[in-house]
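Student: Could you take me through the pocket of this model in close detail, with the criteria behind each term?

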Amino acid sequence: MITVRYMQSGNKAAVTFDGHAKYGQPGSDIVCSAVSALYYALAIGLQKLAPGSVSTDGKMIELTEITPETKGAMTTVFAGLRAIAETYPDNVTVICPSGV
């Protein structure tokens, strides 16, 4: 199971991606691929919207300043993550407030 967790403290946020979907064979798991694509879309998008305010390590994205633009990017990506979790509830869990 992949667990995606959003955490916020003041004007800072972190998103963690942990685990494996185990929907298909390694290297051809469509659920893992979908979540990975959204991880990279969020990481790259936030880096373009807030240069110098984002750090990533392949499993976590940290943002030191939430802006309306970065919140919009996070809201969009989390909508996609929630859709994947609804379709594959045995493989993906998303933990975050409803406003994101």
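Tutor: The residues lining the largest pocket divide into six nonpolar, four polar and two charged, where Ala, Val, Leu, Ile, Met, Phe, Trp, Tyr, Cys and Pro count as nonpolar, Asp, Glu, Lys and Arg as charged, and the others, Gly among them, as polar. The model is a predicted one, in which local features need pLDDT of at least 70 and side-chain atom pairs count only at pLDDT 80 or more, while totals for chains, interfaces and linings use all residues. Residues are numbered from 1 along each chain as its sequence is written, and side-chain values use heavy atoms, with hydrogens and water left out.

The lining consists of I2, F17, D18, G19, H20, C32, V35, S36, Y39, Y40, G58 and K59; a pocket here is an open set of points on a 1 Å grid over the protein atoms alone, where a 1.4 Å probe fits, with protein on both sides within 12 Å along at least five of seven lines, and lining residues have an atom within 4 Å of a point. Two or more lining residues come from each of β2 (12-19) and α1 (30-49), these elements being DSSP runs (helices H or I, at least four residues; strands E, at least two) numbered from the N terminus. The largest share, five residues, belongs to α1. The space in this pocket is about 230 Å³, a volume being that filled by probe spheres set on the points, which are joined across faces, edges and corners.

Among the lining residues, F17, Y39 and Y40 are linked into a cluster by ring pairs, a pair requiring ring centres (Phe, Tyr, or the six-membered ring of Trp) within 6.5 Å, with planes under 30 degrees apart stacked, over 60 edge-to-face and the rest tilted. Y39 is buried at 4% relative accessible area, since buried means under 20%, exposed over 50% and partly exposed in between (1.4 Å probe, protein chains only).
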